[in-house]
Structure formats: structure tokens, C-alpha cells
Amino acid sequence: MIVLTGGYTNKKGNEIEGGIYTFEFDEKEGTLTEKDLYPTVNPSYICVSDDNKFLYTFEEIGIDEKPKLKAFSLDKAGKLTFLNEKVIPGGAPCHITFSKDKKFLLIACYSTGNVLAFAIKADGTLGEMTGSAQHKGSSVNKSRQEGPHAHMVALDKEGKVYVCDLGLDKIKAYSLSSTGELTPLPDEDIKIAEGSGPRHMVFHPDGEHGFVINELTSTVSLLKKEGGKFKVLKDYLALDGSFSGLPTAAAIRISKKGKYVYSSDRTIQAISIFEFDADNSTLKLLTHEETGGEAPRDFNIAPSGKWLIAANQNTDNIVTFSRDKKTGLLNRKSEITDIVKPTSIVFIK
């Protein structure tokens, strides 16, 4: 199996340190072996097409620097070949995903608080921008929520688009047309508790529940669909009750069958493990597993469910954990170091 990682980069003169790394992953031993590196500026989040032939990313830089959306072809060994790029009319793009029909890419821009849609051509190259939406407003945390900060785009089973906005304490809802236009659905926006800062979200396989990790409070908002719309049922603290620092939650993932939910926090340097009871719509915090580094950002669960890999941005390392599918618990297995500021993990077969 191949594992790809994106992250932030350093610049030394005209050279870029870091970029998109390709690893061979030994599923038996849980070890990673570096195979390739494609230098490109701040590819902090990456996504790969279902047929594993194409990879898409962006440059997470300010709008004045004219960030670009980038398309690559991908061979069976995980080697990248650049295809084309498009300028993104937004600042600090930070998340990218596919539309349900896989014909469009959806990008959240943090500093400008907007979400964009770009067409994907039949040959995997990027087409033109087809849709855009600008968020407006603010919330109670004056240092972090002075304006809109779109942080992630997630799709439910029906293909409806939800955008976590840390600055608004809302998850904005949109429909995406067959031609890639975004239409706001204000009646379906999801309100999150003031000061929470919704960052990332995942949906349960049943299509009736969702989970939001809130960066500023490190709470998980449990969502349930009522009358065709998602509402917050309850917020669950992802930290130990005695924690007194400043939370900085990052990512959230869910197991294949939806029994376990995982979230990362960069203050406690750990992954919180929850068990979900779908029948009663409740979450239970089981434990925390330290990630073996500082500032854990993204992490991902292998398709087999047997492994979880976490990216530690500030210590330049990636740590692999075995995962007990019955209990949801993690056990540290291996580590790879000297990876420049990793933030995004993608498994491909």
C-alpha cells in the first residue's frame, strides 16, 4: 500500500524543503518507507481520485501571493507528475475534497472565509472555477473569530455540501448543481455553541448522525438529523476534565462501521478516542493516546481498519499505531522522522 502526505514547507534560497511525500506502507509490520518527494509550496491538504490516478492539492499561502490549485497524475508507485494549475481567488486554502459525482473539487479558504468549486476534466486536469460562496460575520472570540474562516468542506450521503466556519460558529450548508454552482441553504446551516470554532466534521455511515471537532474548545458536537436537517444534540469534551490550558483541536475521523470516533488536539499532543452508541445517539470518551510528537494535525485510518497514522507537524515525524477494531484502542508501533511539517495523510491501494 502507498501512503501520501502533504504538509507545510520551508524555503532555503530557491529550494523548497518538504512537499508531498510518497511512502510504501507495510501492512504486516505497520512501517513506512520513504520512496519519493515532490517539492511544492505548502500542500497542507491533499486528496486522491477513486481510481488512484490523480492527486489534487493547493498552496496554503495568502491571497496576495496568488495561491494555486494543482493537479498531478499518480502512477502505481505513487510518483507524481505535474499536470496543470489554476489560481485560487482566496487566501490560505486549507481543505480540499471531491463533489459526490467526482466532477468537481471543493476548496475552503481560511483567511478569506470563502468556498470554491473547480471543474475536473476527463483527463484529470483542472478546468475553470464553477462556483463560489463568500461567508460573512463573526463570533465571540475576538482574536480568532473576528471574521469568517472557512476550514473544511464535508459532504453527506446525499452529496449536500457543508462548510465548517471557525469564525462564525456555524456550519454553512450548500447544494452543488450538476454544473458546479454553489447555492446557499441558510435554513440548513448548523449552529455550533458560541466560541467553539468548528474546524472539521465527519458523517456516520447511517447518514443520520455527524460529528464536528471544535478547535477553540476541543469539544465534539454530536449531530443528528431531525426533519431532514442536522442539529446539535450535545457537545462532548475531548480533553480530560482537569485540563486547564488553551485547546487547539485539529482533525476528526470515524471508523468504517461508525462505532469509534477519533479527534486530535495539538495542546495535549494526543488523539481522543470515543465510542458511539448509534441506538441511543450518545458518545463516550474512552481514553487519549499520545501521538509521539508535537502539534498532531491530520491523521487517517487505513482502509483495513487495522492501522492509524498520525502527522505531527512541529516535530517533523509521522507515527503509526495498530488499531484494535473491537475496542477502538490504539497501540504505537513505528515512527518515521525528518519529514518536513507533515499535516495530511492519504492511503491508496
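**Aromatic pairs and an open sheet**

Phe 211 is buried, as is Phe 276, where buried stands for under 20% relative accessible area with a 1.4 Å probe and protein chains only. The model is predicted, so that local features need pLDDT of at least 70 and side-chain atom pairs count only at 80 or more, while totals for chains, interfaces and linings use all residues. Residues are numbered from 1 along each chain as its sequence is written, and side-chain values use heavy atoms, without hydrogens and water.

Across the whole structure, a search finds ten aromatic pairs (Phe, Tyr or Trp rings, the six-membered one for Trp, with centres within 6.5 Å; edge-to-face if the planes are over 60 degrees apart). Among them, Phe 25 and Trp 307 form an edge-to-face pair, because their ring centres lie 5.9 Å apart with the planes at 90°. This pair links distant parts of the chain, 282 residues apart, with Phe 25 in strand E4 (residues 20-26) and Trp 307 in strand E28 (residues 307-312); strands are DSSP runs of E with at least two residues, numbered from the N terminus. Both Phe 25 and Trp 307 are buried.

The rings of Phe 211 and Phe 276 are also edge-to-face, because their centres are 5.0 Å apart and their planes stand at 85°. Here strand E20 (residues 209-214) contributes Phe 211 and strand E25 (residues 270-277) contributes Phe 276, which joins parts of the chain 65 residues apart. Ring pairs also link Phe 25, Trp 307 and Phe 347 into a cluster.

Elsewhere, four strands form an open sheet in the order E6-E7-E8-E9, with antiparallel pairing (at least two DSSP bridges between paired strands). Its edge strands, E6 (47-48) and E9 (80-87), each pair on one side only. Strand E8 (residues 68-74) pairs with E9 in the antiparallel sense over seven bridges, and Leu 69 has Lys 86 in E9 as its bridge partner.

Definitions and conventions. Rings of Phe, Tyr and Trp (its six-membered ring) pair if their centres lie within 6.5 Å; planes under 30 degrees apart count as stacked, over 60 as edge-to-face and the rest as tilted. Buried means under 20% relative accessible area, exposed over 50%, partly exposed in between (1.4 Å probe, protein chains only).
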